[in-house]
Amino acid sequence: MNWLLEPLAYEFMQHGLLASVIVGVLCAVMGTYVVLRGMAFLGDAMAHAILPGVAIAYIFKGDLLIGAGIAAVAVALIIGLFTKDGAVKEDTAIGILFAAALSLGVALISTTQTYTVDLSHILFGNVLGVSVSDLWLIGGLSFAILLTVALLFKPFLVISFDPVLAATLRLPVELLRNLMLVLLALTVVVSLQTAGVSLAAAMLVTPAATAYLLTRRLLPMMFVSALIGALSSVVGLYLSYYFNIVSGSAIVLTATAIFLLGFLWKRIKSV
Amino acid sequence: MTHTPHRLEVQNISIGYGDKIIMHDLSFQVPHGSRVAVVGPNGAGKSTLFKALVGLLPLKSGKIFIHGEALGVHKDCVAYVPQREEVDWHFPVTVNDVVMMGRFGQTGWLNRASAYDRGMVHKSLEQMGIADLAEHSIGQLSGGQQQRAFLARAIAQEPHILLMDEPFTGVDATTQETTLRLLDHLQEREVTAIVSTHDLNLAASRFDLVLLLNHRLIAFGKPQEVFVKENLAQAFGNSLLVMEGGMMLVDECCPPDEEHHHHHVEAE
């Protein structure tokens, strides 16, 4: 048991573990919508699109999470605006914004002197640098997002499965769709610290895709996804501690290994 | 002016997408509990009319009254059974979940399902003959069974008006018969059913009223009044072949690609 407890002697490991489990669960739950609504590309793009916000906050010594939050919400709303009434196809709009925001972000960061270290933290996360105030912010935002998902479970189910029914039941479909984009953006922001912008997308998609293989209903899918997200975070962090690899990568690779197991299991079962 | 004799009144409506008008100046009135067949050639605006009736498509002009009140006042008294292609069949929901969605409007979006809701769902499933499939994933069902699941959902909504878009196209005989029996049953409960179909024999034999459309109203009334040569010639134009001793309608229809979907399900 000692090998389990040893890393927890360090405060930064306790914070890191708590933060990654929260983020793992949050991403996994939001990820069910990403997988079911075919928004994987959007999740990836959104993660990169927050880079300018982070860069600006960094340069002006502001709070990175707040900078990222503003950028993410802005990007979500701009995508909504471009694609309204089918003016531009969604994946095209995403592609344009994704590339533009990433370039702007890198351009901004390249003006600073500690360019490489900063960039690597932003891209791949720095789970061992989570402060107490970060933890509160991550915990608070995650709670708010998950609470919203729980309250709006039925409307989100209907707009995802059958938008026509949603409209006949007079649901504000457009408003709910935008709200879902905002929640997704906030999720990416929250995962910035632990997973970084490059790996947040994987945490959105991989646990949820695994859960999709293993379940037949939305609510069980969310719970299984959350469990996989949490498990990947814990296992990944221990791997990172003992094998001295980047924590974000270790978490994503663990989630990927679980996905492969789920895929194999599904294959064997269906033969 | 009293509106009570009519459950549905359509007054001079025009509907379309962007600048394109699909339906011009359509007016008709449906007494409660009628079974109305909506008939016309492909692209005549049948689905467009349905979308307007449920409020999915705004009216360019004109008015729709339900129980004498403007569309949207009665929030969920209109249920709509969409064409099969409009639904994501790979979504993780069971048949029971799908039918329960029909109750959301009345239960409230934040409340849990009550015993009444569950009873209503079960009754609807039984009525459509798919109660034994309640726990199956919607994607595992055959095309006809999927359609019956959506009909069950529409009944569970307890609507006053039920709209069905091409329910007889590309389905098995059991589903067709169950759907027709449902229409009779709905009439007993004074639910108005408005059904688009390409099957003119069904329209003539199993419906009280026929609405013949081709971008505008051609005729509306009892089947024997509507299905006369002049009206059919106006609606179908060159597809109508008039021969000695009778006429023939050389149709036309393009049933949705059933095969395509089945392949998907089996590939899983």
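**Chatting through the helices of chains A and B**

Student: Which residues of H5(B) meet which residues of H6(B)?
Tutor: B:Gly144, B:Gln147, B:Arg148 and B:Leu151 in H5(B) meet B:Thr174, B:Thr175, B:Thr178, B:Thr179 and B:Leu182 in H6(B). Contact here puts the C-beta atoms, placed from the backbone, within 7 Å. The helices are DSSP runs (H or I, at least four residues; strands are E, at least two), numbered from the N terminus. This is a predicted model, where local features need pLDDT of at least 70 and side-chain atom pairs count only at pLDDT 80 or more, while totals for chains, interfaces and linings use all residues. Residues are numbered from 1 along each chain as its sequence is written, with chains lettered from A and ligands numbered from 1 in the order written.

Student: At what angle do H5(B) and H6(B) cross?
Tutor: Roughly 20°, for residues 143–156 and 173–188 of chain B, with the axes coming within 9 Å. Axes are lines fitted to C-alpha atoms over the stretch in contact, with angles from 0 to 180 degrees between N-to-C directions. H5(B) and H6(B) are therefore roughly parallel (under 35 degrees; over 145 is roughly antiparallel, 65 to 115 roughly perpendicular, the rest oblique).

Student: Over to chain A: how do H2(A) and H8(A) pack?
Tutor: Their axes are 10 Å apart, at an angle of about 20°. That makes H2(A) and H8(A) roughly parallel to each other. The contact residues in H2(A) are A:His15, A:Leu18, A:Ala19, A:Ile22, A:Val23, A:Leu26 and A:Val29, and their partners in H8(A) include A:Ile138, A:Gly139, A:Ser142 and A:Ile145. By class, the contact of H2(A) with H8(A) has eleven nonpolar, three polar and one charged residue.

Student: And H5(A), how far apart are its end C-alpha atoms?
Tutor: They are 29 Å apart, which agrees with the 28 Å that its 20 residues (64–83) should span at 1.5 Å a residue. The expected span is 1.5 Å times one less than the number of residues.

Student: Which residues of H5(A) are buried?
Tutor: Among them are A:Leu64, A:Leu65, A:Ala68, A:Ala72, A:Val75 and A:Ile79. Buried needs 20 or more other C-beta atoms within 10 Å, exposed is 12 or fewer, and partly exposed is in between, with C-beta atoms placed from the backbone. What covers the buried residues of H5(A) includes H3, H4, H6, H8 and H11 of chain A. Just after H5(A), A:Asp85 takes a positive phi of about 55°.

Student: How many residues of chain A are in contact with chain B?
Tutor: 20 residues of chain A are in contact with 23 of chain B. H9, H10 and H12 of chain A each supply at least two residues of that side, and the largest share, five residues, comes from H9(A). The chain A side has twelve nonpolar, three polar and five charged residues.

Student: What does the secondary structure of chain B come to?
Tutor: Ten helices and twelve strands. Of its 268 residues, 40% are buried.

Student: And where does B:Gln106 lie?
Tutor: In helix H3 of chain B, residues 104–107. B:Gln106 counts as partly exposed because it has 17 C-beta neighbours inside 10 Å. Its C-alpha is separated by 20 Å from that of B:Glu190, 84 residues apart along the chain.

Methods. Contact = placed C-beta atoms within 7 Å. Nonpolar A, V, L, I, M, F, W, Y, C, P; charged D, E, K, R; others polar.
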